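User: I would like to learn how to read the features of a protein structure. Please show it and take me through it step by step.

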Amino acid sequence: RLLIIDFGSQVTQLIARRLRELNVYCEIHPYQNVTDQFLQDFAPKAVILSGGPDSVTRDGSPRAPESLWGFGVPVLGICYGQQTMMTQLGGKVERGHGTAEFGRAFVTPAADQLSILDGWFADGNEQVWMSHGDHVSQIAPGFKVYGTSPNAPFAITGDVARNFYAVQFHPEVHHTPKGAKLYENFVRLAGFTGDWTMAGYREQAIQQIREQVGDKQVICALSGGVDSSVTAILINEAIGDQLTCVFVDTGLLRKNEAEEVTRMFRESYNLNLIAADESDLFLGALEGVTDPEVKRKTIGRLFIEVFDKYAAQIDGAEFLAQGTLYPDVIESVSFSGGPSVTIKSHHNVGGLPEKMGLKLVEPLRELFKDEVRALGRELGLPEQFIRRHPFPGPGLAIRCPGEVTREKLEILRNADAVYLDQIRKHGLYDEIWQAFVAILPVRTVGVMGDGRTYDYACALRAVTSVDGMTADYYPYTHEFLGETATRIINEVQGINRVTYDITSKPPGTIEWE
Ligand code: XMP
């Protein structure tokens with residue numbers, strides 16, 4: 001296994017991700033915990049030193065354990081990792097003085113090349129991503145320079161005899177195009193064969209859950225989304241008898257969703273599941289509410305109340321399981337208290353733990369969405385389930401501008417089911433990030449048969465996106481749109497007009513509220 005010593009970089013998890021992609025098992029440990037004894041016990045086959053926000057020129061700044069240098073395994077230092085490596089091995093690092101570099105830079109190769117740079121420099125200079133204030137001003141004895149950039153004369157350095165390598169830039173980020181290659185070369189050099197897989201992750205996560213939870217009880221809010229589902233199944237495998245999941249039917253779910261989700265989890269996974277039908281409570285509280293933010297806040301508040309109520313029935317619940325992913329961790333770190341305005345009050349179970357005094361179990365904290373999907377496959381979740389489009393916590397309420405009524409929800413559910421059926425039949429589901437119907441708060445006049453109709457209009461929405469932050473409308477053919485409109489009007493009582501929403505995000509948002 002490989003050890004990543006974390007000096008606090010925002011992108012340390014990306015190093016782990018690059019290694020997982022190479023099927024190499026690694027663990028990240030904060031530098032404070034990595035003592036000489038820890039290193040002995042961990043017995044890594046290679047070590048990577050991450051970047052970090054501190055300056056090695058500051059007294060008391062973080063260091064790698066001294067015994068690392070005599071440990072006899074390959075070491076790769078990144079950014080701060082490079083600087084502490086140089087400092088600890090007898091080189092020098094200086095503060096700024098106009099040599100800071102942030103963003104794109106180009107590295108020029110030296111005449112001699114390192115094996116960890118195989119595949120680099122085929123087209124001359126290589127683009128890399130820099131983010132540093134300090135820079136190495138003198139390399140440590142035994143090291144040579146293998147690449148320079150305008151502001152980092154020691155962009156790539158190495159001591160081949162000892163297998164120590166150090167780079168100023170961040171090979172783990174996307175904007176260092178050959179970065180993955182560098183990691184690949186490094187782990188091959190360290191003797192990893194790339195035989196570790198998601199099955200390994202599953203085992204490791206199960207072990208960690210058992211250690212963390214001991215014999216205590218865990219509760220989990222299961223929404224039926226991929227993240228909470230994978231979380232629940234994983235914890236169920238680890239400590240099934242101590243887990244209770246609560247699935248709240250808010251009355252704002254899609255057609256058949258509550259039945260399908262609860263059936264699947266009970267039958268295929270034998271999950272201890274409370275299916276809480278609280279639709280009267282939610283729909284009652286939403287009566288007369290038209291303001292989108294009030295809707296969102298009402299739903300968020302009730303959700304916590306309901307969850308709290310069921311959790312209180314579980315004796316000795318000490319842990320709350322959440323499907324927090326790595327991007328959520330990053331966002332909450334970098335943006336909490338930031339200057340951005342609230343566009344929408346997003347609803348999730350984020351407020352639960354503080355209120356309930358529970359400790360968190362977050363087995364997906366290190367994973368990215370596509371890795372969660374891979375883990376879901378590993379756990380045997382059906383493919384169709386894994387590829388489901390995202391569905392917002394406030395559910396259909398925010399697809400029903402104006403007042404949310406049972407009548408409108410019923411019409412919306414039926415229209416949405418026909419629309420999704422159309423998308424599936426035409427093989428478009430996987431090309432689209434998210435697709436749904438919004439029912440508009442207007443009735444319009446139509447003619448069907450020989451009669452006059454006066455029914456609701458609806459809008460179809462379908463967007464492409466990578467992360468939901470920006471989005472574009474999906475370019476359906478006119479034939480598809482025409483056929484879908486006809487089907488919805490023919491098959492769904494209560495709708496006599498269909499429109500297609502072609503707004504991108506920005507300036508629109510994906511949901512209507
Ligand atoms: P917007 O409408 O903000 O949506 O462009 C971006 C993505 O987030 C989903 N969404 C939510 N997800 N709780 C959630 O868990 C929410 O309150 C919420 N509001 C929007 C939306 O479906 C889209 O995928």
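This is a predicted model: local features need pLDDT of at least 70, side-chain atom pairs count only at pLDDT 80 or more; totals for chains, interfaces and linings use all residues.

User: Which strand pairs with strand 18, and over how many bridges?

Analyst: Two strands are said to pair if DSSP finds at least two bridges between them; strands are DSSP runs of E, at least two residues, and helices are runs of H or I, at least four residues, both numbered from the N terminus. Here strand 17 (residues 434-448) is antiparallel to strand 18 (residues 451-464), with 12 bridges between them.

User: How is the protein chain divided into domains?

Analyst: The bounds come from an automatic or database domain assignment. They give domain 1 (2-189), domain 2 (198-386) and domain 3 (405-500). Between the C-alpha centres of domain 1 and domain 3 the distance is 52 Å.

User: In what order do the strands of the open sheet of 9 strands run?

Analyst: The order is 2-1-3-4-11-10-9-6-7, and the pairing is mixed. Strand 2 (26-30) and strand 7 (126-132) are the edge strands, each pairing on one side only. From one strand to the next, the twist averages 25°. Angles run from 0 to 180 degrees between N-to-C directions, and axes are lines fitted to C-alpha atoms, for helices over the stretch in contact.

User: What packs on the sheet?

Analyst: Helix 1 (residues 12-21) does, touching strand 1 (2-6), strand 2 and strand 3 (46-49). The direction of helix 1 makes about 165° with that of strand 1.

User: Which strand pairs in this sheet can I inspect in detail?

Analyst: Strand 6 (residues 101-109) runs antiparallel to strand 7, joined by 7 bridges; V107 has E126 as its bridge partner there. Strand 6 also pairs with strand 9 (residues 144-149), antiparallel over 2 bridges, where P109 faces G147. Strand 10 (residues 152-159) and strand 11 are antiparallel too, with 4 bridges, and D159 is opposite F164.

User: Which residues does the UniProt annotation "active site" cover?

Analyst: UniProt positions are given in the numbering used here, feature names are shortened, and annotations may be inferred rather than shown by experiment. The annotation, from an unreviewed entry, covers C79, H170 and E172. They span 94 residues in sequence, but no two of their C-alpha atoms are more than 11.2 Å apart, so they gather at one spot.

User: Is H170 buried or exposed?

Analyst: A residue is buried if 20 or more other C-beta atoms lie within 10 Å of its own, exposed if 12 or fewer, and partly exposed in between, with C-beta atoms placed from the backbone. H170 is buried because 24 other C-beta atoms lie within 10 Å. H170 sits in the loop between strand 11 (164-167) and helix 4 (179-189). E172 is in the loop between strand 11 and helix 4, and is buried, with 25 such atoms within 10 Å.

User: Which residues is H170 in contact with, leaving aside neighbours within four places in sequence?

Analyst: Contact means that two C-beta atoms, placed from the backbone, lie within 7 Å. For H170 the partners are V11, G51, I78, C79, W129, S131 and T176. With its neighbours within four places in sequence left aside, E172 is in contact with V11, L14, I15, R18 and G179.

Technical notes: Residues are numbered from 1 along each chain as its sequence is written.
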